[in-house]
Amino acid sequence: MNSIRACVIVFPGTNCDRDTHFALSKIMDIPTDFVWHDFDEVLDYDIVVLPGGFSYGDYIRTGVFARFSPVMKSVEKYVLEERGLIIGICNGFQILTEAGLLPGALTRNTSTRFICDTVEINVENFQTPFTRSVTKKNLKLPIAHSDGNYRISEKELEKLKAQNRIVFRYVENPNGSVEDIAGVCSENFRILGMMPHPERAACSVLRNTDGVEIFKSMVDYLRSEKIARS
Amino acid sequence: MRFIARIVVEPKDGVLDPQGKASMKVVKRLGYEFVDDIRVGKHITVEIQATNKKMAEKIASELAYKIFTNPVLEKYEVSVFEMKKAEVIEK
Amino acid sequence: MLDHKKVGISDREYGLIKQILKREPNDIELLLYSAMWSEHCGYKHSKRLLKKLPGGSSGENAGFVKIEDNFIVFKVESHNHPSAVEPFQGAATGIGGIIRDIIAMGARPIALADSLWFGPIEDSQSRHIFEGVVRGISSYGNSIGVPTVAGEVHFDESYKTNPLVNVLALGVCKELKSAKAKGVGNSFVLVGSKTGRDGIHGAAFASRELSDDTDSDRPSVQVGDPFSEKELIEATLEIIRLPQVIAVQDLGAAGLLSSTSEMVSKGNLGAVLYLDRVPLREKDMKPEEIILSESQERMMFLVEKGKENEVIEIAKKHLLDASIVGETTADKNYKLIWKDEVVANVPVESLGEAPDFYRKVEKADYVEKLKRLKIPKINKPVSEILKKLFSSPEIASKKWVYRQYDHTVQTNTVILPGEADSAIMWIKNSKKGIGLTIDGNGRYVYLDPFEGSKNVVFEAARNLVATGCKPLGITDCMNFGNPEKDDVFWQFEQSILGISEACNSLKIPVTGGNVSFYNESTSGRAIYPTPVIGMVGVIEDVSKALTMSFKNTADYVYLVGRTSIRERNIGGSLYLKLLENFVGGSIDTVDTEYELKLQNFILKMIDSGVLNSAHDVSDGGLLTSICECCISGNKGIDLFFTENIEELFGEVQSRFVITVKPEFTEIFEAMAKKENIEYLHLGFVRSDFRLFLNDKEIIDFGSIKSLYDSTLNRWMEEEF
């Protein structure tokens with residue numbers, strides 16, 4: 001069996017790196033490295049996580065400074081070469097949209113306040129590498145953000161819908177996102193961006209393990225892909 | 001008459017500007033060696049009806065001081081222009 | 001020459017300085033004493049009394065308790081005056097400061113808690129301060145990735161122009177770092193943000209009554225930079241692992257001065273600092289501005305000479321400034337050099353030896369007068385009183401507040417805000433959890449400073465016990481008026497004695513804390529004396545953590561502990577304040593032996609799995625507590641109890657509301673009898689959301705819940 005390896009990218013100001021690392025390595029049993037933002041070599045991993053936090057303090061605009069970090073060049077190569085899966089969570093989602101790897105933008109919540117809560121999201125597409133093993137119709141996941149209000153041009157939205165790339169929708173919209181969008185993926189379904197935090201719902205001690213379903217899907221997908229390739 | 005007031009609010013000299021400071025770090029890293037300082041503020045545009053420019057300036061300055069500026073931390077500049085007829089009608 | 005009185009040095013103190021130096025001080029030296037001998041740094045009025053607290057302070061940045069091989073480091077600090085002047089930045093920098101106390105001990109911060117006291121919510125200025133403080137905590141705490149997991153918010157006339165912003169931080173580590181300097185010739189390496197003219201003389205500022213014109217206080221306000229703080233946390237935790245790092249101290253009040261002078265004082269050494277080597281943010285800063293600056297997000301490391309580079313490299317990696325600014329010396333003097341010239345040279349110990357202003361004072365007269373006031377009788381239907389209580393911001397849900405705080409980051413939060421009387425943080429890679437609560441009650445302490453302060457400590461302990469945690473230690477934040485006034489000083493002394501007695505009987509230490517004096521309104525009226533207690537405890541198995549919500553229909557509801565009110569000792573009760581604006585009478589007191597027995601009993605019952613819920617009975621009395629359990633669990637109750645208003649809403653000590661599964665009631669009652677614990681079977685949990693009292697429907701919980709949920713939102717999100 002080919003073993004799956006993951007990395008968690010750490011930008012200055014990232015603060016969910018250790019949580020994500022814990023979920024992947026201790027709960028999912030995936031060997032996981034931290035990768036510092038100035039890493040500019042080949043990302044030799046099956047899973048790349050852009051975790052949540054406040055990269056560069058979220059100053060000026062969320063994600064904008066992180067997008068210029070050297071590691072993002074490596075991420076772009078990783079995407080072009082279709083090396084593995086990328087998941088951007090919260091601030092990671094914001095960075096992916098700033099970098100143009102996912103469409104749309106995330107702006108201030110309509111309440112203008114930071115929101116920390118647990119929300120329900122509907123899985124809109126069960127065929128993606130991130131949702132194929134999800135067993136529930138909707139997942140309960142924590143959110144914690146000021147800028148989770150997803151905006152996208154009408155044209156691009158139509159394209160997202162036509163290609164079935166809206167992966168998650170909020171059951172009750174907390175932040176004003178267009179069409180209740182909580183997570184979207186790239187055209188080739190190998191990059192997912194989502195505002196809710198699956199890594200915060202990965203451990204039975206914290207009385208919620210819905211997030212595991214997403215990580216498990218990724219592992220299942222990568223395993224089957226490896227088998228197919230070998 | 002209608003006027004446009006442009007209010008620029010910036011951190012006061014000597015007050016820490018975390019956004020400007022973080023911007024500097026990234027800008028330097030991207031190789032812009034000749035950038036010496038960055039201050040991050042905000043820009044507010046206000047439309048005002050007034051009998052003359054002086055009055056519009058007075059109103060804009062008051063708004064700038066009372067609402068848009070935190071006098072503990074920020075300073076402001078106001079510039080007022082008369083709106084052209086065409087602009088007024090468009091609205 | 002500076003006039004010493006203008007910088008807060010009395011004639012008597014000036015005489016002392018001359019004796020110490022055997023000459024006149026120069027201006028810079030005078031400013032050094034002014035800062036270090038301010039109330040904020042020098043604890044002039046409090047230091048003798050603070051020694052009476054048990055388990056005394058470690059003399060380090062923060063105290064600790066141990067859970068197996070983990071050091072649990074925690075401390076509470078006030079940022080009252082800065083928050084009155086600039087609520088957002090005042091609260092934000094309060095978080096920054098207390099976090100640096102924790103990292104200076106070598107611990108990674110894992111939780112924040114805050115105790116906030118504002119003027120009436122009906123007052124627009126109070127709402128403005130409330131809004132700013134919550135945003136400040138939210139902005140700073142969320143950004144640095146430390147969850148805010150517990151807290152309390154109060155509104156009372158007493159805090160109208162003088163809000164209290166007390167923040168507690170808690171961290172965990174396997175090895176402690178010291179602030180004690182060792183060895184001659186080692187280097188002081190300053191790491192973090194550049195130094196500007198922020199909060200020059202803030203230490204003195206914090207120790208002064210707020211003048212009418214807050215505008216004139218404004219230049220002292222510091223701005224927080226959470227991004228730099230986050231990097232400073234990571235850099236510090238990395239730097240302290242280097243073997244060449246001898247000591248570490250954060251820069252707080254009186255900046256460079258207090259950090260370096262305290263480090264060498266502890267090590268019986270002296271220091272020389274080269275002020276022109278401090279990285280500056282502003283041009284033309286004077287040496288006294290550099291030494292006293294309170295610019296945020298800075299730490300001081302003492303590093304073996306010649307091995308500083310690794311420290312500087314780590315700082316750079318985290319985008320922080322770092323430079324060698326001085327060294328330790330053998331001569332026990334504190335010497336400042338500016339452009340090759342000695343600008344100050346004083347015996348370092350003298351800086352930490354502010355004069356003792358303790359004095360014996362008489363009992364305050366007001367206490368007996370208030371005690372004699374007759375407790376008003378209230379003739380209103382129970383449903384009406386409930387509506388009044390649940391639409392007051394004191395009782396109403398604080399979700400509007402904690403929804404703005406990230407309380408789940410770091411993935412340790414087992415009990416979320418609002419679910420129980422205290423938070424529980426999981427210690428990863430173990431079964432154990434840390435319980436955390438923060439609590440105060442200004443009315444009780446005002447009416448009876450000694451007994452009231454005891455009550456506050458025991459109530460904090462009950463908060464922990466109700467979730468299954470055994471208390472381990474406290475940190476205290478003493479918020480009082482002007483100590484130069486006799487009544488205030490008496491309140492302070494009594495309060496310290498009360499806390500001390502309560503901690504002695506609980507056999508837990510006061511590991512550290514903070515004193516904030518001069519909390520007065522613009523008219524010179526002191527706030528209610530408000531000691532705030534942060535308490536930490538342990539639960540052996542986090543899977544047994546208990547919340548307050550009623551869970552299963554037909555569960556038995558019991559009142560455990562004092563089953564009836566005692567001789568109308570219900571002075572200070574919240575319902576009297578809210579309905580009659582009455583603050584008077586006698587407060588109930590804790591029978592220590594009984595209280596301890598009760599707490600142990602509840603802990604035992606939780607551990608053995610007999611209970612389905614537990615809630616400490618406090619603000620609003622018995623019926624309020626029951627309603628909170630119902631609302632939290634979306635259940636109702638069939639209650640069989642007296643309809644006497646005092647019994648339903650009066651506040652007495654030593655009580656819990658619990659539920660027991662029907663099959664365990666026999667065991668529960670037998671155990672209680674065996675241990676001599678009073679209990680009263682109050683009734684049963686109902687499946688529907690309704691309150692029945694002696695078979696009469698009192699109210700549909702839907703109406704109370706909507707008040708409970710909407711009150712803060714209504715005040716803060718709708719226009720007034």
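Analyst: Contact means heavy atoms within 4.5 Å. The model is predicted, so local features need pLDDT of at least 70 and side-chain atom pairs count only at pLDDT 80 or more, while totals for chains, interfaces and linings use all residues. Residues are numbered from 1 along each chain as its sequence is written, chains are lettered from A and ligands numbered from 1 in the order in which they are written, and side-chain values use heavy atoms, without hydrogens and water.

User: Which residues does Leu170(C) touch?

Analyst: Not counting residues up to four places away in sequence, Leu170(C) touches Ile72(C), Val73(C), Phe74(C), Ile102(C), Arg108(C), Pro109(C), Ile110(C), Ala111(C), Ile434(C), Leu436(C) and Val536(C).

User: What makes Leu170(C) stand out in the largest nonpolar core?

Analyst: A nonpolar core is a set of buried Ala, Val, Leu, Ile, Met, Phe, Trp, Tyr and Cys residues joined through side-chain atoms within 4.5 Å. Of the 81 residues in the largest one, Leu170(C), Ile434(C), Ile499(C) and Met535(C) touch the most other members. Helix α19 (residues 486-506) of chain C supplies the largest share of this core, 9 residues. A second, separate core has 68 residues, including Val48(A), Met72(A), Val75(A) and Leu222(A).

User: Glu493(C) also lies in helix α19 of chain C. Why is Glu493(C) counted as buried?

Analyst: Buried means under 20% relative accessible area, exposed over 50%, partly exposed in between (1.4 Å probe, protein chains only). Glu493(C) has 6% relative accessibility, and therefore counts as buried.

User: What does the side chain of Glu493(C) make a polar contact with?

Analyst: Its partner is the side chain of Tyr358(C), at 2.8 Å. A polar contact is a pair of N or O atoms within 3.5 Å; within protein, one must be able to donate a hydrogen and the other to accept it, and residues adjacent in sequence count only if both atoms are side-chain atoms. The 2.8 Å pair therefore meets the cut-off.

User: Why is Ser69(A) called buried?

Analyst: Ser69(A) has a relative accessible area of 3%, so it is buried by the same cut-off. Ser69(A) lies in the loop between β3 (47-50) and α2 (71-80) of chain A. Leaving aside neighbours within four places in sequence, Ser69(A) is in contact with Phe11(A), His37(A) and Tyr56(A).

User: How do you know that Asp225(C) and Lys21(B) meet in a salt bridge?

Analyst: A salt bridge is a side-chain nitrogen of Lys or Arg within 4 Å of a carboxyl oxygen of Asp or Glu. The N to O distance for Asp225(C) and Lys21(B) is 3.1 Å, so the pair qualifies. The rule finds 1 salt bridge across the interface of chain C and chain B.

Terms used. Helices (H or I, at least four residues) and strands (E, at least two) are DSSP runs, numbered from the N terminus.
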